[in-house]
Each structure stands twice: as structure tokens, then as C-alpha cells.
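Dear colleague,

I am passing on a structure that will be new to you, and my notes on what was found follow directly below it.

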Amino acid sequence: MKDTGLHEIREEFLKFFEEKKHLVMPSFSLVPKSDKSLLLVNSGMAPLKPYFTGEKIPPNRRVATCQKCIRTADIENVGKTARHATFFEMLGNFSFGDYFKVEAIEWAWEFLTDRLEIPKEDLWISVYLDDDEAFEIWNKRIGVDEDRIIRLGKEHNFWELGIGPCGPCSEVYVDRGEEFGCDDEECLPGCDCDRFIEIWNLVFTQFDKDENGEYHPLEHPNIDTGMGLERIAYIMQGASSIFDIDEIEDMMEYVESVSGKSYKSDPELDVSIRIIVDHCRAMTFLVSDGVLPSNEGRGYILRRLIRRSARHGKLLGIEGVFLNDMVERVIESWGRAYPEIRDKKEQIGKIVKAEEEQFQNTIHQGMDILEDYIKAMIDMDEGTLSGDRAFKLYDTYGFPLDLTKEILEERDLEVDEHGFNKHMQQQRERARRARLAMTDSGWEDNGYGDLLKGYETVFRGYEVDNLETRANGIVIGDKTVDSIEEGEEGFIFLMATPFYPESGGQVGDSGYIENDGFRGRVLDTQYSQDESIIHLVEVESGRLALEDRVYARVDGRRRRNIMKNHSATHLLHRALKDVLGEHVNQAGSIVLDNRLRFDFTHYEAVAAEDLKRIEELVNQRIFDALDVHVMETSFEESEKMGVIGLFEDRYREKVRIVQMGDYSKELCGGTHIDNTGNIGLFKIISESSIASGVRRIEAITGEAVYEYLNGLEGDIERIGGALKASRKDLVDRVYDMVEEFGEKHREIESLKSKMASSIADDILHTKREIHGIDLITHSVKNMSMNDLRKLGDEVRNHLGSGVLVLASAEDDRVNFIAMVTEDMVDRGLHAGKIIKEVAKVTGGSGGGRPNMAQAGGKDPSKVDEALDIVPSLIVLE
């Protein structure tokens with residue numbers, strides 16, 4: 001048997017099947033494409049499913065891959081066993097109606113025995129109970145002794161998922177020897193012990209199962225095989241588990257070096273080391289494939305992996321962030337097979353580091369609180385942590401529920417998941433209500449739903465902004481009516497309309513509906529629940545009846561400004577990807593006539609220089625005057641064209657593509673200018689965070705930029721007037737003033753220091769003795785917390801030994817500080833505990849370290865009363 005490395009096995013496998021006339025395809029992304037049934041790709045076959053079902057034509061009838069996979073169903077067992085892993089690679093060869101059992105079996109045997117040189121006598125085979133054909137091939141053609149071919153039932157050797165294609169399978173096992181076996185004398189493949197390890201599964205998809213459970217032969221049967229790369233590697237290297245193969249062992253050694261702990265010296269520490277090593281491979285490839293940490297879906301899995309690893313780093317005694325260094329080692333090793341992770345090395349490291357740092361900021365406080373909860377549970381003889389407490393850990397301190405569960409399970413405790421999920425649902429409902437409250441109409445929620453359905457309107461707004469049409473529906477209040485008159489407000493439906501209804505983030509059009517005897521102002525345009533187009537109209541004059549002919553005229557200037565802003569969002573989206581990385585995706589937008597708002601996925605605040613570059617890129621494309629083309633095609637065809645698609649589950653079979661030169665291509669149903677030059681100018685006004693992993697840019701275009709610049713001009717003139725400086729001298733004047741202010745500030749600080757020394761001397765004279773301990777309590781007026789702390793330092797430096805509590809009333813609040821010298825801390829006094837009780841008297845709170853603490857109060861009239869209780873708090877433990 002060859003002692004072969006993991007990377008060499010991968011290369012050998014793909015080369016072997018390329019020689020067998022297979023198309024070797026690169027690994028698909030971990031994020032499934034157009035498959036809503038999967039959160040992440042978890043098998044070699046998963047990305048090829050459309051070829052097996054006939055939805056798509058494969059690029060070749062023979063295909064071989066090494067597919068990245070992630071499985072999290074049994075994540076709790078990762079680290080605890082030597083078998084489980086979240087990330088793994090699956091080698092596979094596939095036939096789409098080409099070869100079948102004979103070739104699949106012969107090539108599997110050839111690769112294992114000839115290329116990998118596994119002794120034939122170490123290999124065992126299992127086949128499905130009734131699959132005589134496979135048995136005959138293994139026995140008669142390959143020459144495997146029938147004693148080493150085991151027949152197993154459906155549970156082990158038949159692949160099916162509900163109705164549809166299915167079939168028997170045959171598995172190849174390696175016998176590792178009796179020393180790995182169990183006490184069962186009948187130990188054979190299929191046993192749960194570690195002697196017989198299944199290394200390759202050959203699935204013969206030859207049936208189509210119908211809804212009645214009947215199996216019908218497929219006209220063109222398929223082959224789907226899978227061999228775990230890590231598993232075959234540890235067999236080839238004679239290792240005891242996947243964590244002992246050479247490539248992964250290098251990562252284990254790094255964890256040992258940064259933690260100071262040795263692998264295989266302590267079973268509990270071994271679990272932490274294995275978890276970190278496994279999860280770091282998973283997080284590297286997830287981020288590379290565009291997943292960002294979040295509280296939903298794939299992002300939650302990534303967040304869970306990073307935070308679980310960080311927590312186990314703490315258990316190993318690792319201080320500070322370290323996962324980005326682990327990620328670098330993954331990239332160094334796996335980059336030879338997956339060059340894309342090398343290309344994205346900086347981005348992957350930044351994202352992992354940012355998430356780990358965010359968790360580091362709260363993990364200590366969260367762990368302390370969880371420990372308090374656990375102590376209280378044990379004291380009360382309770383075995384379950386309440387849902388509200390688990391939710392607080394999640395919501396306030398970033399503890400995923402699974403992490404809380406894991407920590408509790410280590411103490412033989414559990415969590416009320418039902419209660420936690422109830423709180424989660426309440427939070428989602430609050431967020432939903434908040435989003436609804438931000439919308440302009442809320443028509444569907446106000447009892448109009450049924451009244452606003454069933455009207456057919458042809459939308460003509462892509463071609464024209466005014467047209468002649470006819471009224472075919474009127475609703476006023478909660479009634480359908482035949483007419484609407486001056487002074488009334490209602491909803492009007494038209495046979496055809498140029499008014500764009502709000503959708504895709506673009507605000508609805510406004511304008512007028514009119515004829516010789518009627519003029520109604522369109523305040524807004526929306527879709528109803530069944531996608532009827534609704535015009536909210538305020539009647540300025542005259543009367544409109546059903547079937548009357550009218551002219552529908554969109555406010556052209558407002559529409560043009562909306563179009564400029566919408567087209568700018570497309571350019572902005574592309575520029576964000578160019579500057580920040582392909583992980584950026586739209587997370588929402590609002591397109592108005594006077595501004596645009598664009599939400600996008602990103603893991604940190606956008607640096608000022610990056611914002612400037614993004615703005616420059618958008619304006620360059622505007623100045624390039626790129627033609628804007630619109631086309632309709634199938635969704636599948638748009639995918640082949642590499643079009644950016646947003647919220648894919650909302651797209652229909654026919655989609656609309658908006659293309660701006662060769663720079664931007666997106667699916668979009670909105671209205672756009674016909675040339676980017678018509679946008680005029682683009683200016684970013686702000687960039688901010690709206691949620692974990694989601695940023696927001698607000699920007700303006702065209703006329704709004706002109707108005708913005710005019711506003712800045714006015715500000716500059718007013719500032720120049722106030723500083724008595726001309727425009728050309730204004731910057732120099734500001735620098736001079738800053739320098740002057742700096743000098744004045746230093747003078748003031750020097751005076752404050754002298755005053756503090758003088759006040760400190762006065763305060764020191766108020767020293768008294770309580771239980772043999774020197775105590776000073778004193779109040780001063782109108783001193784900030786910072787100045788009060790400086791004064792405290794000055795007094796403590798001269799006090800030598802004792803306790804000091806100072807207070808200052810400033811406006812309608814009170815500042816407190818307490819200081820305890822180190823010798824008194826050693827005797828049991830605690831500044832944080834003292835200040836907490838003192839602040840309570842004034843309706844405040846606070847705390848801090850044993851030697852120094854601060855607090856705030858709300859009632860300045862009770863300062864003296866608060867200081868009076870200090871002597872009673874000087875109690876030695």
C-alpha cells in the first residue's frame with residue numbers, strides 16, 4: 001500500500017478518470033445554485049442533481065469531481081470522535097446514461113489495487129441483498145472471493161430519497177486488522193467497530209420510484225460514486241483517524257504551539273484541538289464561497305463554527321485572536337487544489353478575524369453570566385436553563401444557542417429550546433412590524449386586500465410615460481364605487497398604465513390622471529396582493545366615472561430622477577464588488593427621486609479610501625456614457641450569462657436583464673435611463689452599519705448632487721465670514737486656529753493640574769479614621785468624570801493607604817469615583833462594591849475593579865447623604 005498524501009490522492013484520482021474519458025470538473029461552490037432544498041452542498045452528487053433528473057444536459061456523459069462538502073447535522077460529535085468532520089472532500093465519478101455497473105466496479109477495483117496499491121486481500125465488498133448482478137461482477141469478473149462479498153439490506157445498501165430515481169449500491173471496505181475490531185466473532189463489514197472501514201460507495205441508479213412505492217426500471221441508468229478523500233488518506237497513511245493524516249497533523253501542531261497544550265495528552269483538550277482544526281477548514285471554504293457571518297441560514301452556520309472555535313481556543317488557554325492564522329495554514333496547504341482561496345486570502349482572513357474579534361468583545365462577560373446561571377441552577381437543583389436566559393445570551397452576548405447547549409451539556413444540563421425559539425419568533429415579529437411601519441401605504445393591512453384584487457392592467461411604463469386609457473375600477477374607503485369626485489381620495493384602476501408600481505426597492509410613480517372634465521393627482525402607485533396596479537388618487541377637480549377615457553401622465557422629472565438613482569444602484573453594486581470583493585451582495589435598497597439607499601453584505605466598516613475609490617468607479621462609468629440595454633430571457637439563460645441575480649426565489653421563468661456597457665449586468669424589473677451619462681454625477685453621502693454583516697450606503701445623483709454642492713458652497717461662505725478669511729485662505733486659517741486651540745487647551749490643562757493639587761491638599765485635610773483605616777469622602781462642584789478621576793489620582797498618591805470616595809454634581813447628574821489602595825484591597829476592601837451602594841442612594845448605578853471604580857447618579861440633592869453611608873461600607877472581610 002502506498003504511503004500517499006491527501007493532495008496526491010486527489011490528483012491521482014482525477015487523472016485516473018480523465019484517462020477513462022471523464023470530464024474533470026472543478027469543485028462546485030459550497031453554496032447550492034438554484035437548489036432550495038439544500039442550505040450547503042453536502043455530497044459529491046448534490047451539485048450534479050439537475051443532470052441526474054434530466055433538468056439540464058450534462059457537459060459530458062462521464063464526469064469526475066473532487067467536491068467540497070459541509071455537513072453540520074452531527075456537529076456536536078465533531079471533535080468528540082475521530083470520524084466526524086464538518087468539512088470534507090468527496091471524490092466521485094459519475095455516468096449520465098453512459099456506462100453502468102461493470103465499468104464502475106472494474107474501475108473502482110483498478111484504482112484501489114493498481115494506482116493506490118491496496119492489497120486485494122484487505123478489500124471487502126458489500127452489495128444490496130437482491131443485487132445478483134453486482135455480486136456476479138465482483139465475484140466472476142473481478143475475482144473477489146464470495147466469502148468477502150457481504151449482502152446487506154435496504155438500510156445499508158439501497159439509495160433513495162422519497163420518490164424519483166433510486167437504486168442499489170455496493171460499498172468497498174478496507175480490513176484494518178483484528179486489533180481494530182470488536183469482541184464479536186462474526187464481525188464483518190457493516191459492524192460499527194473500527195475494523196472494517198467503508199471507503200467507496202458505488203450507487204447504481206437504475207429505478208424510478210413512483211408515489212405508490214413501485215420501482216420502474218430507468219431507460220438510461222446512471223452511476224453516482226463517492227469516496228471520502230480524508231478517509232482514504234488516513235487508510236493509505238496508516239493513521240488512526242482523519243486528524244492524524246499528514247496535512248491535518250500540520251494544523252494540529254500549530255494549535256499545540258499557540259496553546260502550549262499537547263495533543264493526545266488530555267482527552268478533553270484533544271476535543272478542543274480537533275474542533276478548531278476541523279472548523280478552520282470549514283470556515284475558510286465557506287468564506288471563500290461568499291458566505292458571511294450572520295444570524296440566518298448559511299451565515300449562522302459560519303458564525304457558529306467561528307465562535308465555537310474561538311470558545312475552544314479559550315479552553316486551551318489561547319489569548320487573543322488566532323483563527324486567521326489557522327486559516328492561513330489551511331490556505332497554504334489546500335491552495336494547490338483550490339487556487340481561489342489563495343486569491344481571496346486577505347479577504348478570508350479579514351472576515352474570520354472580524355467575527356472572532358466581535359465575539360471576543362463579549363465572550364468573557366457572556367461566559368461569566370452563563371456561569372452564574374449554571375451555579376444558580378445547581379443551587380436550585382434545576383436541570384434546564386430557561387429560554388429567556390438562553391435568548392439573552394444570544395441577543396446580548398452573541399452566544400449561538402448551540403454553543404450554550406454545548407456548554408450546558410458538559411455539565412449534564414440542558415436548555416429550554418422551545419422557550420428560546422418563542423423569544424426568537426417574538427423578535428422576528430417585532431422586526432416585521434417595524435418594517436411594515438416604515439412602509440408608506442400599508443394598504444394590504446388596512447382591510448383593503450379583497451377590494452384591491454381582480455383588476456387587469458397592462459403596464460406600459462417601460463416604453464412611455466403618458467398614454468390614453470380607460471378607468472376600469474374605483475375604490476373609496478371600504479367600498480367599490482362607480483365614480484369619484486372633487487375633494488375625494490381613492491384608488492383608481494386603469495386598463496393600461498405608464499405608472500410604475502413600487503417594487504424591487506423602486507418607489508412608485510406619481511403624476512396625473514385627467515380628461516376634459518377631471519383632474520386627479522396620483523400620489524402613489526402600488527401593487528395589490530394579486531399584482532393589480534393601484535393608483536392612489538386625490539381628486540383636484542371634476543368627476544370620473546367607470547369606463548371614462550383618461551390620459552395618464554407620469555411626473556416626468558421625478559421619474560427621470562428615480563431612473564438615474566436606480567441605474568446608479570447597479571453601478572454601485574458592481575463597484576462595491578470590484579473594490580471590496582465578490583462576497584458583496586445586495587441586501588436591500590430604496591430608490592427615491594431625491595436619493596438612493598443601498599444595503600449590502602460586508603463584514604466591516606468601509607474604509608474612507610475604499611469609499612472614495614467606489615465613488616470614483618461609479619462616476620467613471622457615468623462619464624464613460626455607457627449605453628444601457630434591456631433584454632428578456634429565461635432565468636436559466638441569464639445564469640449562463642453570469643448576470644447578477646438578487647433574491648432568486650422571486651424570479652419567474654422569464655426575467656429582465658439590464659446591462660450597462662460591459663460593466664454591469666443585473667436582473668431587474670425597474671425603470672432605467674438609456675445611457676449612464678444621463679445620471680450626471682454620483683455622490684456618496686454616508687456609510688453605516690444596519691445589522692451584523694450588513695452595511696448601508698446612502699447616495700445622491702444628478703440634480704441632487706448640484707443642490708448638495710450648492711449647500712456646501714453656502715457653508716464655506718458662512719464659515720469664511722465667521723473666521724474672517726477668504727476662500728483661498730480658509731484652510732490655512734483653520735489650521736492656525738487648531739494650533740491656537742491646542743495651545744490654549746494645554747494651558748487650561750496645566751491650570752487644572754495646579755488647581756487639582758491645591759484642591760487635593762484641602763481634601764487630604766478632611767481625612768478621618770474608620771476601624772483603623774484612613775478614609776476620605778468629599779464632594780466638589782461641576783467636575784466631569786475625567787477631571788474627577790484625575791483629582792482622585794492626585795489625592796490617592798498622597799494618601800498612602802486608605803479609601804477615597806469623591807463626588808461631583810454636574811447639571812442634573814452626579815459623578816462618583818472610589819479608590820482603594822492596594823494594601824486595603826489585600827485586606828478585602830473592594831472599590832466596585834463600595835461605589836455600587838453609594839450610587840444607589842442617588843438613584844444611580846456603577847461598579848468596577850477592587851482598586852478603582854466609578855458610577856453615575858441621578859439626584860444631585862442626595863450627594864451628601866450618599867457620602868454619609870461610606871463609613872458603614874468600610875468592613876474588612
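Helices (H or I, at least four residues) and strands (E, at least two) are DSSP runs, numbered from the N terminus. This is a predicted model, in which local features need pLDDT of at least 70 and side-chain atom pairs count only at pLDDT 80 or more, while totals for chains, interfaces and linings use all residues. Residues are numbered from 1 along each chain as its sequence is written, and side-chain values use heavy atoms, with hydrogens and water left out.

The protein contains 25 helices and 34 strands, and its C-alpha trace spans about 105 × 95 × 55 Å along the principal axes. Of its 877 residues, 51% count as buried, where buried means under 20% relative accessible area, exposed over 50%, and partly exposed in between (1.4 Å probe, protein chains only).

The nonpolar patch is formed by Phe 623, Leu 681, Leu 709 and Leu 712. Leu 681 sits in the loop between strand E26 (664-667) and strand E27 (682-691), and it counts as partly exposed because its relative accessibility is 34%.

The patch of negative charge gathers Asp 732, Asp 736, Glu 739, Glu 743 and Glu 747. Asp 732 belongs to helix H20 (residues 730-764), and at 47% relative accessibility it counts as partly exposed.

Technical notes:
Patches are made of residues with over 30% relative accessible area and no salt bridge: like charges are joined within 9 Å, nonpolar side chains (Val, Leu, Ile, Met, Phe, Trp, Tyr) within 5 Å. Accessible areas come from the Shrake-Rupley method with a 1.4 Å probe; for residues, only the protein chains shown count as cover. A salt bridge is a side-chain nitrogen of Lys or Arg within 4 Å of a carboxyl oxygen of Asp or Glu. Lys and Arg count as positive and Asp and Glu as negative; His and the chain ends are not counted. The place of a charge is taken as NZ of Lys, CZ of Arg, CG of Asp or CD of Glu.
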